[in-house]
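Student: I have a model open and want to learn how to read it. Can we go through it feature by feature?
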Amino acid sequence: MMRMLRRSLLLAAAVAVVVACQPLRPTTGPGSTESYIAADVAVLEEGEQTPEDSTKVTWFVPDTLSGGDSAPVVVYLHGFAAGVPGLYRGHIDHLVRQGNIVIFPSYNTSNLLNDLDQNVMVDRIVANVAVALDVLGSAADRSELYVYGHSAGAAFGSVWEHNGGIAPQGIVLANPSIDLDSIPIPVTVTPVDWAAEAPSTTSPVVVLTGDADTIAAPAESVELFGYLTGAESRVVWQARSDATMYPPVAADHLAPLAPLVGADTLDWRFTWAALDQMMAGHTDPTFDLGTWTNGQPVLAPVVLAD
């Protein structure tokens, strides 16, 4: 029994050492806890998902608003079939702890095979966010609204403004998926006309992608960049995978997912850092991916288009 206990303790210690090889969270600057002001958050929800429609929207309100009696708003757009806030709760918590309000609209029905028209999904996003904004009233500072999206949600974020969404101060699009042919789905979906609608976006846009994304290839991010001709500024940054030590930095399509426990260096130092910088007025972000415990720097992101 004692031998088994010692082996278990040694294994746990070994795992802890291995996990510690990846860079730790920065203590200051983008992605850090330096600007946290809220200790608690209220989670509110309205609407429902049915097989035919979705009116569901969830919003997160901190107990301390960064503006005193109001706060900036982040419209947080999930990936297709990833409409559970818990999949992104680490990032949402990071934003709310800074005193921001986060609105998480659902755009999927409860029967995904009925989601055949992306244009309808975008309409749901705009309508469901409007419900939350109406309830929030003056607590939501509409003049400081930002859009963040992942995967299909990132693609939809590029046409938010065209479809009647409030003109945002900035947009961050992580791993946007605009090519339905690259996704094995058993139904025919009517796509958004990205080339016709994305040029209506006027705010600064930062697009993020990863070199190991096999679902929404980096080429899709560059293609979307080409449509964002009306944006005040635009850039595509690509994270690079790095297996110098374990666990490796994996710049794949799922990297932006961030449950409440389990965020890593690509979250803190790339995805979260990009939105933090956008919300601070820095539309051309910089990134420090930190160093491995052996002292070697993690491979830095590169610009694919600007």
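Student: In which sense do strand 1 and strand 2 pair, and over how many bridges?

Tutor: One caution before that: this is a predicted model. Strand 1 (residues 41-46) pairs with strand 2 (residues 57-62) in the antiparallel sense, over six bridges. Glu46, for one, has Val57 as its bridge partner in strand 2. Strand 2 is also joined to strand 4 by four bridges, and those two strands run antiparallel. There, Val57 stands opposite Pro105.

Student: Which way do the side chains of strand 2 point?

Tutor: Start with the general idea. Side chains in a regular strand alternate between the two faces of the sheet. Now the case here. Val57, Trp59 and Val61 point one way, while Thr58, Phe60 and Pro62 point the other way. All of them are buried. Strand 2 is thus mostly covered, with six of its six residues buried.

Student: Which residues touch the most other members of the largest nonpolar core?

Tutor: The general idea is that nonpolar side chains in soluble globular proteins tend to be buried together. The largest core here has 43 residues, and Val75, Ile101, Ile103, Phe156 and Trp160 touch the most other members. Helix 3 supplies the largest share, eight residues. Take Val75: beyond four places in sequence, its contacts include Ile103, Val129, Leu145 and Trp160. There is also a second, separate core of 33 residues, with Val172, Ala239, Met278 and Val298 among them.

Student: Is strand 8 enclosed or open, and why?

Tutor: Count the buried residues. Five of the six residues of strand 8 (residues 234-239) are buried, so the rest of the structure largely encloses this strand. Then look at its partners. Strand 7 (residues 205-210) pairs with strand 8 in the parallel sense over six bridges. Val206 stands opposite Val235 in that pairing. The chain gets from strand 7 to strand 8 through helix 6 (residues 218-227), a right-handed β-α-β crossover. Strand 9 (residues 302-305) is joined to strand 8 by three bridges, and the two run antiparallel. In that pairing Trp237 stands opposite Val303.

Student: Is Ser106 buried or exposed, and why?

Tutor: Check the relative accessibility against the cut-off. Buried means under 20%. Ser106 has 3% relative accessibility, so Ser106 counts as buried. Its place is the loop between strand 4 (101-105) and helix 3 (118-136). Next, read its side-chain partners. Polar contacts join the Ser106 side chain to that of Gln49 at 3.0 Å and to that of Ser54 at 3.3 Å. Among the other residues that Ser106 touches are Lys56, His78, Arg124 and Asn128.

Technical notes. Residues are numbered from 1 along each chain as its sequence is written. This is a predicted model: local features need pLDDT of at least 70, side-chain atom pairs count only at pLDDT 80 or more; totals for chains, interfaces and linings use all residues. Side-chain values use heavy atoms; hydrogens and water are left out. Buried means under 20% relative accessible area, exposed over 50%, partly exposed in between (1.4 Å probe, protein chains only). A polar contact is a pair of N or O atoms within 3.5 Å; within protein, one must be able to donate a hydrogen and the other to accept it, and residues adjacent in sequence count only if both atoms are side-chain atoms. Contact means heavy atoms within 4.5 Å. Two strands pair if DSSP finds at least two bridges between them. A crossover is right-handed if, with the strands pointing away from the viewer, the path from the first strand over the helix to the second runs clockwise. A nonpolar core is a set of buried Ala, Val, Leu, Ile, Met, Phe, Trp, Tyr and Cys residues joined through side-chain atoms within 4.5 Å.
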